[in-house]
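I opened the file to see how the pieces pack against each other.

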Amino acid sequence: MSLSLQFWIVLWKIVLIGGLILFGSMAVWVTIAGVFDIKRLFQRLAESHEKEKGESS
Amino acid sequence: MDISAETLVKTNFSTVDWVIVICYPMISVVLGIIAARFVSNMKDFVTAGQSLGTALGVATLTGTELGLITVMYSAQKGFTGGFAAFHIALAAGIVTFFVGATGFLIYRLRAMEVLTIPEFYRRRFGRKTQILGGIMMAFGGILNMGLFLKVGSMFLVGITGLTDQNLPLPAAWGLPGIPALPAIMIFLLSLVLIYTCLGGMISVVLADYVQFVVLSFGLLLTTVLAIYKLGWTNIFTAVEQLKGAAGFDPTIAEGGFGVEYIVWMGFLGLIGCSVWPTSVARALAAESPGTVKKQFMWASVSYLIRFLVPYFWGICAYVFIMTLEPQLKELFFPEAPGAEAVDNLYAMPIFLGRILPPVIIGIISAGMIAAFMSTHDSYLLCWSSVLTQDVIAPIFGDRLGPKTRIWLTRVLIVLIGLYVLYWGLLYKGREDVWDYMAVTGAIYFTGAFALLVGGLYWKRASSTGAVFALLGGSIAVIGLTPVQDGIGHFFTFVADLVPVLAGPIMAIPGVSADQIDPNVLHLEIPSARVGLVSIATTVVVMVAGSLLFPDKKTPDVAADQGR
């Protein structure tokens, strides 16, 4: 049994609007939290290089 | 200038937008130069020292998977399939969330601390499987990215109104000019090669973050402007009038989808996040297995949106062309007999070129170029590091030092880049770009799926079964239209040579006689069917090979770490 055309239209409207709202919220979070992650990434890389240098000397 | 050229040239793209588009990619080049200072070994180069936090992981996963190629092929699918194409996005989002929530495959892989999937093959199935797996992965993957450069460049050509134009060369050269498409292909490829070679995964991650920020807000803004221009209700009404129920209901096979296609898309959604090497590379670069799960649950929203929004743009382009622009309608759907239609990949960029205002159009285009670059860098890095780490290094008995490996990876990045340029200009297939991508990807991922599931969850999976599964995946190549054409020519040749075989050949599923010349045979099998048959084949041969030829020695089941 195939679903009615109206069902599909409503479903795709909900998916589109819901998806855009979810993505917008996530984009704000990732933009802010990503800056802190980048700082941490460089700190870790610098620490690991210092450690490597210490071990080789 | 003829009427068609005049119609295609119309755009809001201005000089300011050109400045934005040219300057923006330089940010990535600068990031590559900065990142190069932090690269001291292969782990830094390939996985950014396995130090990615959740937010940066989501940004880089989105940055890689939301490439310009994705935007282009998805818009094409929306243009041809209407809202029914949304099922692909929904399947991708749901399946990615499932993978994040359960940790299916990715959690155990990250727990093993491998750098690449073939490295897992080695630890689980041995060196031969690693080398064969690396070759199959690189073959399928490099073929898969063969159209990236061309399709990405088509976006820039379409949105700037350069379609069918020649770019001028210095007068002293005495040449008429270079066509816009190959010129832009060369320009973009050069930029990507420079910064990917310099900084490896660290520069990739930074570029992905910048791209995420610009593109995510750009996507939302463009969608709002498209709705404002065409009208929310009008978009749905127009699709209903022009495409009927097939424009909404994906189960209707006449619309280009059908139940078989939906099942294939569900599997592709699973593969796209948990087996596809560029996605798995992000999982392996995460700071912990727990972070991987969080990263994928968040990224499920991106996996939904990366298809959904471009489908919607493609649908809007279709409505725009069919209802508001009769000249464009004549170009894309010519009624004159024998007239050649303009490639429908150009529809979405031309639409954006008409509705977006100056400056915004420059920022969106720059974001798209960033998307193009972030996908290219990840794919180039992925396939080149697989060839270095999992094919060349094991062949040399792992005697290659870290510096040689990084150098070799950089050489391979350039070689793959040159191939992509060549293939983009050469390949002439009839299928939608998305279906081309699915089929070429299947050469690798159908075998890889069987190996990963078997290797991580089934103790009796053997190296012989693994080799069978890897080789079994190569039958997916039959899904490509030029290969089907070649097989059709071969069948015609055989039937001409030995007429008694004509009957049995005609009985093969998908084989039919040409309507004009019945002596010429065609093979036409839907790509979804080829893909599903490939999966079934790899799973069957994996199980049969493992049961018939079990390993004598217990492998290094470090996979147990994740249990």
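**Entry 1: chain against chain.** I noted at the start that this is a predicted model. I then listed the contacts between the two chains. On one side I found 29 residues of chain A, and on the other 33 residues of chain B. I sorted the chain A side by class. It holds 18 nonpolar, seven polar and four charged residues.

**Entry 2: domains of chain B.** I checked how they meet. Domain 1 of chain B brings 25 residues into contact with 24 residues of domain 2 of chain B. Which helices supply at least two residues each to the domain 1 side? I got α7 (106–111), α8 (117–125), α9 (127–144) and α13 (259–274) of chain B. By class, that side of domain 1 of chain B has 18 nonpolar, three polar and four charged residues.

I followed up on B:Leu308. Leaving out residues up to four places away in sequence, B:Leu308 touches B:Phe86 and B:Ala89 in chain B, and A:Val15, A:Leu16 and A:Gly19 in chain A.

**Entry 3: helix α10 of chain B.** I tested the length of α10 (residues 148–160) of chain B. Its 13 residues should span 18 Å at 1.5 Å a residue, and the end C-alpha atoms are 19 Å apart, which agrees. Is α10(B) enclosed or open? I counted 13 of the 13 residues as buried, so α10(B) is largely enclosed by the rest of the structure. B:Gly161 follows α10(B) and has a positive phi, near 80°.

**Entry 4: helix α17 of chain B.** Here I found eight of nine residues buried in α17 (residues 347–355) of chain B. The buried ones include B:Pro349, B:Phe351 and B:Arg354.

**Entry 5: helix α19 of chain B.** I ran the length test again on α19 (residues 402–426) of chain B. Its 25 residues reach 36 Å from first C-alpha to last, close to the 36 Å expected. Among the buried residues of α19(B) I noted B:Ile406, B:Arg410, B:Ile413, B:Gly417 and B:Leu421.

Definitions and conventions
Residues numbered from 1 in each chain as written. Chains lettered and ligands numbered in written order. Predicted model: local features only at pLDDT ≥ 70, side-chain atom pairs only at ≥ 80, totals over all residues. Contact = placed C-beta atoms within 7 Å. Nonpolar A, V, L, I, M, F, W, Y, C, P; charged D, E, K, R; others polar. Helix = DSSP H or I, 4+ residues; strand = E, 2+ residues; numbered from the N terminus. Expected span 1.5 Å × (residues − 1). Buried ≥ 20, exposed ≤ 12 C-beta atoms within 10 Å, placed from the backbone.
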